[in-house]
Amino acid sequence: MGVVNGYLDAATAAPLHPVARQALQAALDGGWADPGRLYPVARQARQLLDAAREALAEALGTRPDELHFTAGGTEAARLAIDGVRAVRPGVVVHSAVEHSAVIKSAGDAAQVVGVDRTGRVDEDAFAAAVRTTGTAVAALQSANHEVGTVQPVAAVAAACRDAGVPLYVDAAQSVAWGPVPAGWSLLSASARKWGGPAGVGVLAVRKGVRWEDPRPAAPPVNIPLVVAAAAALRAVVAEAAAESARLRALVDRVRAAVAATVPDVEVVGDPDERLPHIATFSCLYVDGEALLHGLAREGFAVSSGSACTSDTLRPSHVLAAMGVLTHGNVRVSLHRETSSADVDRFLAVLPSVVAQVRAEAGVVGL
Amino acid sequence: MTSLDCRGKRCPLPVIALARAVPSVQVGDVVRVVADDPAAAVDIPAWCRMRGHELTATGTEDDGAPWYDVRRLT
């Protein structure tokens, strides 16, 4: 079994798309010069960058001159929120299940809107919150990164428009699967989530949105990485219809099989309104770290929202906001190289790995 | 009332201790768990929901450690 077969953590970083690898190699050869210069090799670099910018803009449903490049998704989230608040101070309304980058950027200015048991934000409460005087910006992810639940972006965008509040959408987990519903003012994504290289984030800021780049000076763009990111995004968007149908079927199989074959398990996230590639579940009485190690011994790389697997030893704020079991948590996220056989093998070993962790902890039959 | 001191115990140990204790009390009786692990605040209510028991009250001990009262229903 190759390394990639057991790699089921695409929501953290998808394996590099083969098209991105080719584009990266070509752009290393042709895109190394400073695009601001006027000689031929610089113009060549400039053309590569412009073409990549156009491809990214098209895939993201925005205009090339509305795109800003960052060092990754986390920086893009910070730029989105800080850039609005630089010209429009005030409260940041966001859901309780945003990525930690959004929550950290909002900081003390946050007004948090709760979610239901599936992780879907309460859109009425969100609309009421943005009507509160003094909201600078509202932030809602397109879909949740830990449990896959799709958020009501269109409804929330309408509420934000009515209230005159810009909506920032963290689309990191969803851009590979299709366009975000219209109505957003700012949108961010991260190339390594769609099969591009790490170190490329994008922030789109719609024309007319009051926003100021909070960076003293935007750093130089790494043209080869941006070219590779654009090639990967164009490729995955072209494959999205077929791939999302294929992965959705695999994820449905994971959700059904885990519920049927692992005792005392809670499969979480919305069963239907969800991303095609993420399945998440929590196993009662199981130490999340022991479970990750047990799966790693079988050759599987997955992630967990359990406290014992986090740097801070606090449970996932997403699972906590949903009110679902936080211990014994596993997130499986699939990608274009995940085969049906890989999923079968995972489902074949999972019940015995969980049973072994429970036996070692002496909790069988509780 | 049965009381379990789970101070200093990390998840999932407080929930395991609770699951061991509840069958030993009568239906309708309450078990108190004192647990300062932040995951317990989520996992004890989730366990009650999954097992059909009732979280009747929560509070804080003098030392700041949270407690959870769980009534056996089945």
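Strand β4 of chain A, residues 135-139, is largely enclosed by the rest of the structure, because 5 of its 5 residues are buried. The model described here is a predicted one. Two other strands of chain A pair with β4(A). Strand β2 (residues 91-95) of chain A is joined to β4(A) in the parallel sense, over 4 bridges. Within this pairing, V93(A) has A138(A) of β4(A) as its bridge partner. Strand β5 (residues 167-170) of chain A also runs parallel to β4(A), and 2 bridges connect them. Here A139(A) is found opposite Y168(A) of β5(A). In general, the side chains of a regular strand alternate between the two faces of the sheet.

Two helices of chain A were also examined. Helix α1 of chain A, residues 18-30, contains P18(A). This residue is classed as partly exposed because it has 14 C-beta neighbours inside 10 Å, a count that lies between the limit of 12 or fewer for exposed residues and that of 20 or more for buried ones. Along the chain, P18(A) and L334(A) are 316 residues apart, and their C-alpha atoms are separated by 17 Å.

At the level of domains, chain A is assigned a domain 1 (18-236) and a domain 2 (240-361). The C-alpha centres of these two domains of chain A lie 27 Å apart. Their contact involves 21 residues of domain 1 of chain A and 20 residues of domain 2 of chain A. On the side of domain 1 of chain A that touches domain 2 of chain A, 9 residues are nonpolar, 9 are polar and 3 are charged.

Chain B contains 2 helices and 4 strands, and its elements follow the order β-α-β-α-β-β from the N terminus. The radius of gyration of chain B is 11 Å, close to the 11 Å given by the globule rule for 74 residues, so the chain is as compact as a globular protein of that length. Along the principal axes, the C-alpha atoms of chain B fill a box of roughly 30 × 20 × 15 Å. Of the 74 residues in chain B, 38% are buried. Among contacts in chain B with a separation of 6 or more, 59% are between residues 24 or more positions apart.

The two chains also meet. The contact between them takes 14 residues from chain B and 20 residues from chain A. On the side of chain B that touches chain A, α1 (13-21) and α2 (40-51) of chain B each supply at least two residues. The largest share of that side, 5 residues, comes from α2(B). By class, the side of chain B that touches chain A has 11 nonpolar residues, no polar residues and 3 charged residues.

Methods: Residues are numbered from 1 along each chain as its sequence is written. Chains are lettered from A and ligands numbered from 1 in the order in which they are written. This is a predicted model: local features need pLDDT of at least 70, side-chain atom pairs count only at pLDDT 80 or more; totals for chains, interfaces and linings use all residues. Domain bounds come from an automatic or database domain assignment. Two residues are in contact if their C-beta atoms, placed from the backbone, lie within 7 Å. Ala, Val, Leu, Ile, Met, Phe, Trp, Tyr, Cys and Pro count as nonpolar, Asp, Glu, Lys and Arg as charged, and the others, Gly among them, as polar. The radius of gyration is taken over C-alpha atoms; the globule rule is 2.2 Å times the number of residues to the power 0.38. Two strands pair if DSSP finds at least two bridges between them.
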